[in-house]
Structures are given as C-alpha cells and as structure tokens.
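Have a look at it, then read on for a guided walk through its parts.

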Amino acid sequence: MSRDHDHHGQTPPSDIALRVKALESLMVEKGLVDPAALDAIVEHFEHRVGPRNGAQVVARAWADPAYRQRLLADATEAIAELGYGGGGQGEHMVAVENAPGLHNLVVCTLCSCYPWPVLGLPPVWYKSAPYRSRAVIDPRGVLMEFGTELAPEVEIRVWDSTAEIRYLVVPERPAGTEGLDEAALAALVTRNGMIGTALL
Amino acid sequence: MNGVHDMGGVHGLGPVAPETDEPPFHADWEQRVLAMVIASPTRGNIDAGRHQRELIPGADYLRISYYEKWFEALEAMLLQGGFVTPEELTSARSDPAAPKATPRLKAQDVAPAFTRRGSYLREPPAPAVFAVGDRVRALNLHPAGHTRLPRYVRGRVGVIERVHGAHVYPDTHAHTGADDPRWLYTVRFASRELWGLGAAERDSVSLDLWEPYLERA
C-alpha cells in the first residue's frame, strides 16, 4: 500500500491516522527519527521478510536429511545458513517437527512474539485475544476455526513463546511430493502450516 | 502484573477470525507506527516496551488494535524519556528552544541492522539448578511489575524439557535496564495438569521460564 493512499483514498483519515501523522512530523522535526529510515523499515517488512523465508527452511529440511538434523539440533544456526535470522525476533530459534500422531501449535499468550526473520510480521488473528486466550486451553477448538480437524488420538504440543525463544513448526511433507525440487516444495509450505494452525 | 494481557485460558473473548491473503499492514498508519517504534530513541529494551503496553488500562487494551497499543506505548515512552514534552505532543510542533537531536537510525543503517544477529544469552551468574527431566513447580508469584510467568501455570508442575543458558531476565530488565541474567528453561506441562480432566490426555503446553519462577517438585 503506498503512502499516497492517505491523500487520495476514498475514506477520510481516522483519528488514529491523524495522531500518527502528527507524531511522525514532530519526531522528524525534533531529529528523533529519519523519515528515510522509516521508509526503509517499512520496505523491509513489506518485501524482505515473510513466510517465503520460512518455507525455504522447511523445504530444505524436507529435501536434505542432514539439514533437517541441523535444524532440529540448532535452528538458530541452521536458519542463519540460509541467510535469515537478523534484525530481531529470531535471535534464538527452535524448530518443532510434526509427525504422524504429533502436531505442534505456536502461540504467545502474553503479547505477540513471532519469528519475524522467517515468517515476517504476525497476522492479526495471531495477535488477537481469541487466539492468545484459547490456543493453550482449547487447541482443538481453535484449530477447528481454521478448518483443521485433528483425530482425537493425535498428541498436540502447544508452545507458548514466553521468552526470546521463537518457534517454527516443520509441517509433515505432503504425500506424493517425492519428485519435487526444493523450490516446488517451498511453494507448498504455508504460513499457517509453520504456526501450526493448518496442515499441508 | 496480573493484567488483561495475561490471557492464556480466558474464555469469552470470541472466535478466532482468520483472514484470507492477509496483507502485512491494513492501513498506512500501521506501517509508520511500526517503523517509528523501531527507529525511535526509546527502542532498545524489549521488556520495557512490552511492559509499557501492559500498562495500557485493561478495558482499552482489549478494545484498541495492536498497532494502536504500540502507538500509545511509544507516546508514553517518548514522554517518560524526555524526548518530547506534553505541550509538543498536544501542538504537534517542536518547542523552538529545544535542541535538535540526531536520529539513532539513519536510512543507510537500516539494511545492516536487519542482517545483524543479536542474542539474549549472557554469562551465567551460577551453575544451573535444574537439568532436563527434572520435575519443577511454577511458583505462585504475583509481582506488580513486569513478568513473563503467565497466571495459568502458577502452582502447576511440569518437566524441564530444554536448558537454554542464562538469558536476560525480563522481570529486572523491564524496570532497571540491567540484564540480570538467569537460567532459562523450556518447561512442559501436561494439559491435564493445567486444565483438568477436560483436556486431552496426551496434550501438553510448553513455556520458556526463568529459574526464579521455579522450584523443585
């Protein structure tokens, strides 16, 4: 979305939009922020990070058993091998792997902790009160709201990100993908699959 | 603090509303808030920032959006740090007598900042008390300040699943800025230990908890 939207949009700017604009101009005027740095930060989150990074990590783990071992043993280093991990919210990574009969689900009940370098910014629902409150007490009910139904005998492990450890779910590799290369495998990996609210 | 932000296990907050093809931002002002928070001179203490958002009055916390919380906390921290005055916030104009600052983050520093890897790991103050497999109870603590020990595990027994080393301790760091490193553990709780017999027998919830939150069980 371009900044011009503010000036040419169909709806008048909201109260919060006006307050944000006023604070930005004040901070710029006082030399507290560089407006070009703000543009560069926005550009980073719109175009440089996002779930495509995490999908490459998962695809590599599926395709390369040695990489999978490194990822499960030390996800921070394994993710850094692919060039991701800088800029905060990915300092200490743990990869948790789904398997037949075992499903992992990630939440942050206290705020919105999320692995930015591999998944980008969290979706609104991840930061919302309904998800944060119920993922720990009723994971099956929450999964049903995503259309994900698990058999009663499947074990669910919920990971509440209460410290600076960030979790990445490695989904099960879909059947019938034996002939696919890493790029084709990565295209199958969804953001929700790497949070644990979806199966692939 | 026992705030509304500590919402694990609360009922009545509605269904989850997933959005198809969700964009990174839903309005331009959200982008600017995120960028301002990251570039602001108040940035640097993640725990102080979290605590500032927890201090938003409970009814407002539940009503306003995520980036509105970030904005409210940013304004509060700019005021507390003396970076802006209440008069400047009201008028949206800089006091002409105030000296002009130099931005902490320049445009050319942004890309390197996003490739730099940080760490919350610090030199341990003492050997770790617990080891993988130990049974531990989360203490029944109710600090009025910042903590990362959710209410829903206090008093409950779990098992140490992973030892992460000594990490910056949020309960101290949020308030004084000191790292005060403490051992950090992943502790796994059976869902039935937390929620009773209504939970599935094999399910579990794992949390990352610092040593001062735990005792041997």
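What follows goes from the chains and their domains to the contact between them, and then to a few elements.

This is a predicted model, in which local features need pLDDT of at least 70, side-chain atom pairs count only at pLDDT 80 or more, and totals for chains, interfaces and linings use all residues. Residues are numbered from 1 along each chain as its sequence is written, and chains are lettered from A and ligands numbered from 1 in the order in which they are written.

**Chains and domains**

Let's start with chain A. The C-alpha trace of chain A spans about 55 × 35 × 35 Å along its principal axes. Chain A holds 12 helices and four strands; here helices (H or I, at least four residues) and strands (E, at least two) are DSSP runs, numbered from the N terminus. Of its 200 residues, 50% count as buried. A residue is buried if 20 or more other C-beta atoms lie within 10 Å of its own, exposed if 12 or fewer, and partly exposed in between, with C-beta atoms placed from the backbone. Two residues are in contact if their C-beta atoms, placed from the backbone, lie within 7 Å. Among contacts in chain A between residues at least 6 apart in sequence, 70% join residues at least 24 apart.

In chain B, six residues of domain 1 are in contact with five residues of domain 2. The side of domain 1 of chain B that touches domain 2 of chain B has one nonpolar, two polar and three charged residues. For these classes, Ala, Val, Leu, Ile, Met, Phe, Trp, Tyr, Cys and Pro count as nonpolar, Asp, Glu, Lys and Arg as charged, and the others, Gly among them, as polar.

**Where the chains meet**

The contact between the chains takes 68 residues from chain A and 73 residues from chain B. On the side of chain A that touches chain B, there are 37 nonpolar, 15 polar and 16 charged residues.

H3(A), residues 35-48, is one of the elements that supply at least two residues to that side. At 1.5 Å a residue, its 14 residues should span 20 Å, and its end C-alpha atoms are 19 Å apart, which agrees; the expected span is 1.5 Å times one less than the number of residues. The buried residues of H3(A) are A:Ala37, A:Leu38, A:Ala40, A:Ile41, A:Val42 and A:Phe45, and they pack against H1 and H6 (107-115) of chain B. After H3(A) comes A:Gly50, with a positive phi near 160°.

In E5(B), B:Ser204 is the bridge partner of A:Arg157, while B:Ser206 is that of A:Trp159.

**E5(B) and its other neighbour**

E4 of chain B (residues 182-190) pairs with E5(B) in the antiparallel sense over seven bridges, and B:Tyr185 stands opposite B:Leu209. Seven of the seven residues of E5(B), residues 204-210, are buried, so this strand is largely enclosed by the rest of the structure. B:Ser204, B:Ser206, B:Asp208 and B:Trp210 point one way, and B:Val205, B:Leu207 and B:Leu209 the other.

Not counting residues up to four places away in sequence, A:Leu168 touches A:Gly54 and A:Val57, among others. Both A:Gly54 and A:Val57 are among the buried residues of H4(A), as is A:Val58. H4(A) is mostly covered, with 11 of its 13 residues buried. Its buried residues pack against several elements of chain A, including H5 (65-73), E4 (165-170) and H12 (191-195).

Note on methods. Pairing = 2+ DSSP bridges.
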